Amino acid sequence: LGLAYNHLRGAGARRIGHSLGKNKTLRKLDLQWNGFGDDETMADICKSIPDFCVEELNLAHNRIKLQGACILAGCLESGSSLRELILDGNLLGQIGARMLHRAAEKAPLKSGRDFATVLQMANCGIHVIDHQAFDPCEPAGPYTLDMRDAYDRTILINLIRSSLNGSGSFVHIRVNGKTTNFNAVANGSQCTICDNSSIDPADWCIRTPSGICLPVEQMDGPD
């Protein structure tokens, strides 16, 4: 299906994102040069990746930056049918490109697939380093996150994974200015992020509508 150069943004692009997970026959989708960027449109498309049957997805030249790369990496790591993902011409930066490569490498191990997603990232500014951006290899520091934002939710999930694999811990958590224990849902049960049990981090579902402040101790990068 070729939908390139159609200025698909906002509500129209989100409808496409919602429908992808329901389509079981589409194998190749070309969405290049639509410019939907890092907003919730990108998040809606990414949400469908673990469920859809597309094997080749072209997202070239869509103004996707680090935030979009972070959201996309989280979905890729959960596994999908994607054999090739084209991201040429998006300013992903070094951190974004690294997150995507790591996610593509981990996906076969988590999903049991016998193939890895091939990434194409020409002219993506992989030499550019944003020292103010979230880096899962060096996540220590204070965070103020808004759970209404897809990028902030992805950061929180990465921090939770670091906590669960023992590479760091949360100092304290404030919700709406009040110190609290943060609960999440894992496999349908309420759990706290400090519980380093055998729960698969991929099963965590963040269900908090309010902003969260997360000061984090020094951590090593995730495996």
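The following conversation goes through some features of a predicted model.

Student: What is the mean pLDDT of the protein chain?
Tutor: The model is predicted, and the mean pLDDT of its protein chain is 77. Of its residues, 75% reach 70 or more.

Student: Where does pLDDT stay under 50?
Tutor: One such stretch is residues 194-203, for which the model has twelve contacts beyond four places in sequence. The pLDDT is also below 50 over residues 218-223, a stretch with 18 contacts in the model beyond near neighbours in sequence.

Student: Let us turn to helix H1. Which of its residues are buried?
Tutor: They are Ala13, Ile16, Gly17 and Leu20.

Student: Now the aromatic rings. How many aromatic pairs are there?
Tutor: The count comes to two aromatic pairs. In one of them, the rings of Tyr5 and Trp33 have centres 6.0 Å apart and planes at 10 degrees, so this pair is stacked.

Student: Which parts does that pair tie together?
Tutor: Tyr5 lies in the segment before helix H1 (10-20), whereas Trp33 lies in the loop between strand S1 (28-30) and helix H2 (40-48), so the pair ties together parts that are 28 residues apart in sequence.

Student: Is Tyr5 buried or exposed?
Tutor: Tyr5 counts as exposed, because its relative accessibility is 57%. Trp33, with a relative accessible area of 42%, is partly exposed.

Student: What about the rings of Phe134 and Tyr143?
Tutor: Their centres are 5.9 Å apart and their planes are at 70 degrees, so the pair is edge-to-face. Both Phe134 and Tyr143 are buried.

Student: Which residue lies over the face of Phe115?
Tutor: That residue is Arg83, at 4.0 Å from the ring centre.

Student: One more arginine, then. Where is Arg63?
Tutor: Arg63 is in the loop between strand S2 (56-58) and helix H3 (66-77). With a relative accessibility of 56%, Arg63 counts as exposed.

Student: How many residues apart in sequence are Arg63 and Phe36?
Tutor: Arg63 and Phe36 are 27 residues apart in sequence, and in space they are 6.8 Å apart, C-alpha to C-alpha.

Conventions. Residues are numbered from 1 along each chain as its sequence is written. This is a predicted model: local features need pLDDT of at least 70, side-chain atom pairs count only at pLDDT 80 or more; totals for chains, interfaces and linings use all residues. Side-chain values use heavy atoms; hydrogens and water are left out. Helices (H or I, at least four residues) and strands (E, at least two) are DSSP runs, numbered from the N terminus. Buried means under 20% relative accessible area, exposed over 50%, partly exposed in between (1.4 Å probe, protein chains only). Rings of Phe, Tyr and Trp (its six-membered ring) pair if their centres lie within 6.5 Å; planes under 30 degrees apart count as stacked, over 60 as edge-to-face and the rest as tilted. A charge sits over a ring if NZ of Lys or CZ of Arg is within 6 Å of the ring centre and within 35 degrees of the ring normal. pLDDT is the predictor's confidence in each residue, from 0 to 100. Contact means heavy atoms within 4.5 Å.
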